[in-house]
Amino acid sequence: MWRRAARTVAGGSGCAFAVLFGVQSMPAQAFDLSSLDVFGLFTKKDEPPAASAATLPYQLDFDLGGADDAKALTRILQDASLLYRLRQDAPPDGETLARRMAADLNPLVDALWSQGYFNAELALVVDGVTLKVGAEPGAALVRAAEAHRNRDAVPITVSVKPGPVFGLRDIAVSERGITGAPAIANPQKVTRLKPGDPATSSALRAAQAALVDNLRAQSRPLAKVVELRPVVDHAARIMDVTYVVEPGPVAGFGDVTIGSTDEIPPAVVRSFIYLEPGDPYSPKAVADTRRSIATIPAIASVRIREADRLDGAGSLPIFVDVTERPKRLLGFSARYSTIDGPAVKTYWEHRNLFGGAERLRLEGDIFLAPRIDGTKITKFEDFEKSDLGGRFSFSFLKPALGGSRYDWLLDGMATRQRVGTNRYGGYTARYGNVTTAIQRRFSDTFSVQAGIEVERGQTSDVLGQVDYTLVGIPLSVKYDSTDSLLDATRGIRATASVAPYPTFLGSTVGIVQSKAAFSAYYALDEDARYVLAGRIGLGSISGASLEDVPATRRFYAGGGGSVRGYAYRTLSPLGPLGHLTGGRSLFEGSVEARIKITDTIGVVPFFDAGTAFEGSVPDFKQRLQMAAGVGLRYYTAIGPIRVDVAAPLNPRKGDKPVALYVSIGQAF
């Protein structure tokens, strides 16, 4: 398209018309084996093949003079250059090399024009013989190349005088098929193009995408840019551009058709689709639907297709296709913490147990329980069986009961654990728990849950031993409008629960436990390279004195998901011997600034504060433990890898000066 533009000149006016949309470097047509050597340990891609009598290897250099962005522009030219991509594939003779050079000229011009260099001068030079745009390679060029046969690489120089970058002057949007007020009231605000901006193809493409996105957000699903009319004035070094758009009619969603789902019932997929026929069309609703369906454990991928025309009712039909994950999963993991010690875990999962997308997951953990009695393990002979902790758990999910938006959950756990430190003591616990619940999904962001829970166990700490049975009715509500589970950049996430354990149901201690957590995420820029995040956690237990509440139900703060810098569950009131007792209420708070330095690397300064309180309501006269630190993030396709280093700001005697945390996903 660039080349067509180069041949279209307004007679005598000094203006050229260029079709800029869709300008991209042509994909490589040859496979460069050297690209397999990612780190360049075994190949040197910039060195040509050895000289020989059978081929004509060449050395390609780029000369951009004193261009300010010479390095970046060289990379762009290399990406567009066939000569560069085939530099390890030496041609057999000078004529073949000359034809390869001639074929490279137009793509190089395209690359220069795509960056706004419409007056650039370009030539390929071999030993003083020049090949320019529009010229055919002559005998002199062939002889110059052949003169290097069996001696050395043919020196080819890409000589470029970029000249000035052209700027935009007039930016206009013309709408077809619209009567009355225009669909786009402020085109400049939408396109983000303004006079004086560089006239690059990437800027023009981004503006085109923004126009379509704006119209689709107005419930116009068929909106499109039908024509892009750029006019380049070479003498004035400017470009005028006009976008011709067809907004299309305002429409709603039509019928939703579920395609082949293999062994997953279509009714299960449909229950996770919250848009209904007649709802106003919205790209966000389509994206939310895709994410909602993907929460079904048996689903691997979701594809949502929109019809290319409206139905008889003026609505847009939607087609949903899914693919399944492998039914069975077996996994193993190992971890080590300088505070909590080593641990190993194995798990098995079936994602479609009975053919209705049911998930069954079994997990087993074995870990080293920390000593809390003042002794230490210094050699193998010091190890005792009681130093091992373990946990076995199962969880079962039956989604979309009868095709409805009700899910059945069944969870169970058996645990033996010891929590705390030698300095502040802690507790030991042995207990089993079974919970069954029904979850009602009202939307992809809001759900409620109610169930029955039974737990029986024994805990011991500085306040004594508690043998207990708890039978309760846990109720919870959840709202999550964030854009990502592991790396949220926008939205809020809130959960609240209350669980009464009355004695008339069989509980040996009558308590009511309440919890709430709220986190918010705010991106300071459109690309979410700067994100502010905050979290608050609260808890309360009422109905019994502290010593009658099982230690596992009391509140503690501290650890990687709480107040970083302090050992796991070691922030609470102190009792006899200065040991932890846990609390009947909790407050935690965190703030972070998530800053992306590059697309894959980020830094996160953070501040945490919190503790547990003796009373059933937080008493902020009690000192909060505070910590600050900085984290490193490596962003991957599955989520960020998190490395946090935190230091207590008001440490107690026995707290370590620094703690290191490594995990996948943000801290909250």
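1. The model is predicted, and the protein chain in it holds nine helices and 28 strands. Along the principal axes, the C-alpha atoms of the protein chain fill a box of roughly 100 × 70 × 50 Å.

2. On overall form, the protein chain has a radius of gyration of 33 Å, whereas a compact globule of 668 residues would have one near 26 Å. Of the contacts in the protein chain with a separation of 6 or more, 60% are accounted for by residues 24 or more positions apart.

3. As for burial and surface, 43% of the 668 residues in the protein chain are buried.

4. How many cavities of 30 Å³ or more does a search of the whole structure find? The search finds one, and about 60 Å³ of space lies in the largest cavity. Rolling a probe the size of a water molecule over the atoms is what shows where such empty space is left.

5. The lining of the largest cavity includes Asp487, Ala488 and Thr489, and also Ala528, Arg529 and Val531. Arg594, Lys596, Tyr635 and Gln666 also line this cavity. By type, the lining residues divide into four nonpolar, two polar and four charged.

6. Arg192 has a phi near 60 degrees, a positive value in a residue other than glycine. The place of Arg192 is in the loop between α6 (187–191) and α7 (201–217).

7. Arg569 likewise is not a glycine, yet has a positive phi of about 55 degrees. The loop that holds Arg569 runs between β23 (530–542) and β24 (585–596).

8. Which of the two arginines is buried and which is exposed? Arg192 has a relative accessible area of 58%, and therefore counts as exposed, since exposed means over 50%. Arg569 has a relative accessible area of 15%, so Arg569 is buried, the cut-off for buried being under 20%. A reader turning to the model may thus look for Arg192 as an exposed residue and for Arg569 as a buried one.

Note on methods:
Residues numbered from 1 in each chain as written. Predicted model: local features only at pLDDT ≥ 70, side-chain atom pairs only at ≥ 80, totals over all residues. Heavy atoms only, no water. 1 Å grid on protein atoms, 1.4 Å probe; cavity = no way out; pocket = protein on both sides within 12 Å on 5 of 7 lines; lining within 4 Å. Points joined across faces, edges and corners; volume = space filled by probe spheres on them. Nonpolar A, V, L, I, M, F, W, Y, C, P; charged D, E, K, R; others polar. Helix = DSSP H or I, 4+ residues; strand = E, 2+ residues; numbered from the N terminus. Rg over C-alpha atoms; globule rule 2.2 N^0.38 Å. Buried < 20%, exposed > 50% of the residue type's maximum accessible area, 1.4 Å probe, protein only. Contact = heavy atoms within 4.5 Å.
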